Amino acid sequence: MRKLHGLSTSLAAIAFTASISGAAGAADLPQPEGEVVLTVSGAISTTNGDDVARFDLDMLSALESRTIATTTIWTEGEQEFTGVGLDTLLDLLGVTSGTLSATAINDYSVTIPVADAIPDGPIVAYANNGEPMSVRDKGPLWIVYPYDSNPEYQAESIYSRSIWQLDRIEVQPE
């Protein structure tokens, strides 16, 4: 086992990364070996069974990661969030348009336009300040925008899309 951003990453997850690099939609995803933390359904072309894509933390952390240093309206001071870019995740799943219905473990749901998924845009964060996020601390997954990098991200509409305790996304075509 080796450490990647504070999370254990198995050799299978590393092989997973190598197998999907630049090949969005080219093959089915491997099965998660750990607890499933994210299920993506709907208009996706890459799955790992039952027309859905299920990810454990190792699978997400094996994807290309980004770190955002930003303040939020929910935390004290600047925070470092690490996760997979929403653009990277959607590219892997073959999603190019539509909307995302993002839902938390308590069934709270928000709508995010796929157009938000741009390079240097929001991430599906799995670590805050280098540590995995517990459910108590808005984890294990939180959609975080780089609020400080662009004044347009400091709007109520964007804050409302920043769902924490994320556990499922349904991709709805246009």
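Two strands count as paired here if DSSP finds at least two bridges between them. The model before you is predicted, and I shall begin with a pair that meets this criterion. Strand β7, residues 99-104, and strand β12, residues 166-172, are joined by six bridges and run in the antiparallel sense. One of the residues involved is alanine 104, whose bridge partner in β12 is leucine 166.

This pair belongs to an open sheet of five strands, in the order β4-β3-β12-β7-β8, with mixed pairing. Which strands stand at the edges? They are β4, at 53-56, and β8, at 109-113; each has a single partner strand, so one side of each is left without a neighbour in the sheet. On average, neighbouring strands of this sheet are turned by 20 degrees against each other, direction ignored.

Let me turn to serine 162. This residue sits in the loop that connects α4, residues 156-159, to β12. Is serine 162 buried or exposed? Its relative accessible area is 3%; since the limit for burial is under 20%, serine 162 counts as buried.

What does the side chain of serine 162 reach? There is a polar contact of 2.6 Å with the side chain of tyrosine 147. The serine 162 side chain also reaches the backbone oxygen of isoleucine 158, at 3.2 Å. If we set aside neighbours within four places in sequence, the residues in contact with serine 162 are Trp74, Trp142, Ile143, Tyr145 and Tyr147.

I come now to the backbone. The peptide bond between glycine 139 and proline 140 is cis, with omega at about 5 degrees. Proline 140 itself is found in the loop between β10, residues 131-132, and β11, residues 142-144.

For aspartate 51, phi is near 60 degrees, which is a positive value in a residue other than glycine. Aspartate 51 lies in the loop between β3, residues 36-42, and β4. Its relative accessibility is 64%, and the threshold for exposure is over 50%, so aspartate 51 is classed as exposed.

The loop between β8 and β9, the latter at 123-128, holds aspartate 120. With a relative accessible area of 60%, aspartate 120 is exposed.

Thank you; I welcome your questions.

Technical notes. Residues are numbered from 1 along each chain as its sequence is written. This is a predicted model: local features need pLDDT of at least 70, side-chain atom pairs count only at pLDDT 80 or more; totals for chains, interfaces and linings use all residues. Side-chain values use heavy atoms; hydrogens and water are left out. Helices (H or I, at least four residues) and strands (E, at least two) are DSSP runs, numbered from the N terminus. Axes are lines fitted to C-alpha atoms, for helices over the stretch in contact, and angles run from 0 to 180 degrees between N-to-C directions. Buried means under 20% relative accessible area, exposed over 50%, partly exposed in between (1.4 Å probe, protein chains only). A polar contact is a pair of N or O atoms within 3.5 Å; within protein, one must be able to donate a hydrogen and the other to accept it, and residues adjacent in sequence count only if both atoms are side-chain atoms. Contact means heavy atoms within 4.5 Å.
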